[in-house]
Amino acid sequence: MSALVRLRLAGFLRTGRAVAPLLAGLLVLGVLYGGGRAEPAEAYGVSAVVLFPVLAWQTRILLDVEPDVQRRLAVVAVGPTRERAAGLLAAGAAGLGAVAVALVFPWLVGGVAGPAPGDRSMAAGVALGLWAHLLALPAAVALGALASRAVTGSAGYGVAVLALGAVGAVVLGLSGSVAPWLAPPVMPTARAAAAGPSAATVVLLSAWAVAWSAAALAGYDWRRRARA
């Protein structure tokens, strides 16, 4: 299965499909940090929110690079479960690369406030930022997988799923939302990171993100089985 993961990553990179989401990510980060400096936890929390749709879009592109016939051959070669897992692992690896860029980018453009002598909050802020991005990544991969051609059957439906998921994550994540559990906790995580979350809040939001991602990936798996 590792060979199939490498094959899909290679196809994503060598065909140049990785350029569009990379440029989109740099654009939204540039706009975000162009407004002035912010504390790391606050800046990274918002960064995870604005990168969420980009990571989902990147996942969809990666999963759609492989032609349908080649995907069916992969199913025959390694089995349907490993074929689906290989695609998700490849998308996760590409997403980790994007997260690494997002964590380094603000320091290159002066988008975060530098540490004061003896200030220990800087490391805590970076850790919270990493936590926020790692919570957003699995949910973004799950959304991108649900929008892939293997699930939706057409590019138009895929775009609709992406748009609905991205907008829903923001709208349902607003304070006072009537059904926040329908969306991944990207917005609550950003608010918690800016305010300084307690240990209980970190555990709760992490469990929420894992549960939502697991449910979305279960839907992806079911839909792939139904279309097989």
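Three nonpolar, two polar and five charged residues make up the lining of the largest cavity. Nonpolar here covers Ala, Val, Leu, Ile, Met, Phe, Trp, Tyr, Cys and Pro; charged covers Asp, Glu, Lys and Arg; the others, Gly among them, are polar. The model is predicted: local features need pLDDT of at least 70, side-chain atom pairs count only at pLDDT 80 or more, and totals for chains, interfaces and linings use all residues. Residues are numbered from 1 along each chain as its sequence is written, and side-chain values use heavy atoms, without hydrogens and water.

**Cavity**
- The structure holds one cavity of 30 Å³ or more.
- A cavity is a set of points on a 1 Å grid over the protein atoms alone where a 1.4 Å probe fits but cannot get out; lining residues have an atom within 4 Å of a point.

**Helix packing**
- Helix α3 (residues 40–65) packs with helix α6 (residues 121–146) at an angle of about 25°, their axes 7 Å apart.
- That angle makes α3 roughly parallel to α6 (angles under 35 degrees count as such).
- The contact of α3 with α6 comprises 20 nonpolar residues, seven polar and one charged.

**L7**
- L7 sits in helix α1 (residues 2–14).
- L7 counts as partly exposed because its relative accessibility is 45% (buried is under 20%, exposed over 50%, partly exposed in between, with a 1.4 Å probe and protein chains only).
- The C-alpha atoms of L7 and E66 are separated by 9.6 Å, with the two residues 59 apart along the chain.

Terms used
Axes fitted to C-alpha atoms, helices over the stretch in contact; angles between N-to-C directions. Helix = DSSP H or I, 4+ residues; strand = E, 2+ residues; numbered from the N terminus. Parallel < 35°, antiparallel > 145°, perpendicular 65-115°, else oblique. 1 Å grid on protein atoms, 1.4 Å probe; cavity = no way out; pocket = protein on both sides within 12 Å on 5 of 7 lines; lining within 4 Å. Points joined across faces, edges and corners; volume = space filled by probe spheres on them.
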